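Keep the sequence and the 3D view open while reading.

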Amino acid sequence: MAPTLLTTHELVVLERTEKIASCFSLLGASFIILTFVLSPDFRKPVNRLIFYASWGNMLGNAATLISQSGMRAGQRSALCQFQAFLIQMFFIADALWNLAMAVNVYLTLFKKYSAEQLKALEWRYHIMCYGVPFVIALAYCFIDTRDNGRIYGPAQLWCWISNDWAFLRLVTFYVPAWICIAVSFTLYIMAGREIFRKRAELRAFREPSRTSVEEPFSGLKTTEVSVRHELAGFNFLDPPPASYLDTARLNHSTGTAPKGYEQYSTNIHSSPPSTAFDPSPRTSSHSTPAHKRCQESLEANTAAWRYTKVALLFFVSLCITWGPSSINRIYDLAHPTAVSYQLNIVSAIVLPLMGFWNGVIYFVTTRAVSKAIFWDLLERVAPRKKSAHPPTVGARSLRNSTEARKSKGAGVSARESLTSFAKEGRAGDEQV
């Protein structure tokens, strides 16, 4: 077992840092869980996976709040073993949930999965993200050899896999986590290439080249007719007199004008027929099937693009979380008798902050709904200040959609899709 080369002051700083970071993480995870449970506006496909991951973040933070108390209680104490079990199970689960989000992006873009199909996969995600880590973490609780002792024990920052079993930290923790990060990054690259390719196709579809389009009606002659009719002796800028309104109802059936007013006149002007061909594209008020397909495809790709941006934010947060700690553990393997205080203090900051980063990303992606709820609460607490901070366009639209959903019942939530995620993003952008 490697000796502890940290001073008492350094250990105190590490312990306080772990607890402060854990409190911020608990705040972020609590915000996710409370808003998801209390408001149906937060229950989007991408938010459900964040909601599931937040439970693991809270249990992982319960372990980091124990901090060095487990090590002081002793390796074979129940507190040390329980803390190590929570860390081994729920820290790796966060990386697995990020992989599940990347898989959803892939299935949405390449396999055309709907929101209902993605929701049907969630039980498999639970087995992958919580079931498999649970089996491994529980098995470690019962392994005790004569040479190396128990697997769980002191690990500098807290109780986890002891230094005598340090190779298991890589095999069952860091290597799987970085595999998840690498696979997620690969899927995001594939999704990004597909999104930009489809955007280029949609742009070409919406703005076709005029020289390559044949006009099927180029041989027809068109005559433009404009119709202008007005009521003689009547000024539309002024309201009609009451006598006119009364007599108009009586004379409507006879077709005669009210007394004192003339019949309205109609003038028709026709421009001479033109044989010249106008190459400009003609627009129609009725959507063609091709236009409708284009609009649906545009909305689907907009939703997928926003979904990918959310998943990419989680990918960046994972790199921040796992990077310093991975370097720290590699340093431990390379220098088994030395301890880097700098690497440990950085690890004590970033590792417990998983729930905090998830909460920040969750708030950014649901800022429109969050602001609408914030203004509602503010109006209830201080109704006199309602006019001082009027809700924005996006907040009003989201509030109206919430009231409509409540009036229609819970069946609306079953029809949510990634397209609604795109529309929510556009409503949130109106507030920026």
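## Model and aromatic pairs

This is a predicted model. A pair of aromatic rings is described by the distance of the centres and the angle of the planes. The count here comes to 21 aromatic pairs. One of them joins phenylalanine 31 and tyrosine 362. Their ring centres lie 5.8 Å apart, with 80° between the planes. The pair is edge-to-face, because planes over 60 degrees apart fall in that class. Phenylalanine 31 sits in helix H1 (residues 8-38) and tyrosine 362 in helix H11 (residues 354-365), so the contact ties together parts 331 residues apart in sequence. The two partners have their own accessibility values. Phenylalanine 31 is partly exposed, at 29% relative accessibility. Tyrosine 362 is buried, at 0%.

A second pair is tilted: tyrosine 52 and tryptophan 97 have ring centres 5.7 Å apart and planes at 40°. Tyrosine 52 belongs to helix H2 (residues 45-66) and tryptophan 97 to helix H4 (residues 78-110), so this pair ties together parts 45 residues apart in sequence. Tyrosine 52 has a relative accessible area of 16% and is buried. Tryptophan 97 is also buried, at 2%.

## Aromatic cluster

Which residues form one aromatic cluster? The members are Phe36, Phe51, Tyr52, Trp55, Phe90, Trp97 and Tyr130. The tilted pair of tyrosine 52 and tryptophan 97 therefore has both of its partners in this cluster.

## Salt bridges

The model has five salt bridges. Take glutamate 122 and arginine 48 to begin. Their side chains meet at 2.7 Å, N to O. Glutamate 122 lies in helix H6 and arginine 48 in helix H2, so the bridge ties together parts 74 residues apart in sequence.

Glutamate 15 pairs with lysine 19, and the closest N and O atoms are 3.6 Å apart. Both lie in helix H1, four residues apart, or about one turn of the helix. Glutamate 15 is buried at 13% relative accessibility, while lysine 19 is partly exposed at 32%. In helix H9, aspartate 332 and arginine 329 are three residues apart, again about one helical turn. Their side chains meet in a salt bridge at 3.3 Å, N to O. Aspartate 332 is buried, with a relative accessible area of 11%. Arginine 329 is buried at 4%. Shared partners also join Glu15, Lys19 and Arg72 into one salt-bridge network.

## Surface patch

Phe134, Val135, Leu138 and Phe142 make a nonpolar surface patch of about 410 Å². Valine 135 lies in helix H6 (residues 122-140). Valine 135 counts as exposed, at 53% relative accessibility.

## Cavities

Rolling a probe the size of a water molecule over the atoms shows where empty space is left. How many cavities of 30 Å³ or more does the structure hold? There are four. The largest cavity has about 60 Å³ of space.

The lining of the largest cavity consists of Leu49, Ile50, Ala53, Asp94, Trp97, Asn98, Met101, Phe314, Leu318 and Asn358. The elements that give two or more residues to this lining are H2, H4 and helix H9 (289-334). Which element gives the most? H4 does, with four residues.

Where does leucine 157 lie? Leucine 157 is in the loop between strand E3 (152-154) and strand E4 (159-161). Leucine 157 is buried, at 0% relative accessibility. Leucine 157 and serine 347 are 190 residues apart in sequence. In space, their C-alpha atoms are 8.6 Å apart.

Technical notes
Residues are numbered from 1 along each chain as its sequence is written. This is a predicted model: local features need pLDDT of at least 70, side-chain atom pairs count only at pLDDT 80 or more; totals for chains, interfaces and linings use all residues. Side-chain values use heavy atoms; hydrogens and water are left out. Rings of Phe, Tyr and Trp (its six-membered ring) pair if their centres lie within 6.5 Å; planes under 30 degrees apart count as stacked, over 60 as edge-to-face and the rest as tilted. Buried means under 20% relative accessible area, exposed over 50%, partly exposed in between (1.4 Å probe, protein chains only). Patches are made of residues with over 30% relative accessible area and no salt bridge: like charges are joined within 9 Å, nonpolar side chains (Val, Leu, Ile, Met, Phe, Trp, Tyr) within 5 Å. Accessible areas come from the Shrake-Rupley method with a 1.4 Å probe; for residues, only the protein chains shown count as cover. A salt bridge is a side-chain nitrogen of Lys or Arg within 4 Å of a carboxyl oxygen of Asp or Glu. On a 1 Å grid over the protein atoms alone, a cavity is a set of points where a 1.4 Å probe fits but cannot get out, and a pocket is an open set with protein on both sides within 12 Å along at least five of seven lines; lining residues have an atom within 4 Å of a point. Grid points are joined across faces, edges and corners, and a volume is the space filled by probe spheres set on the points.
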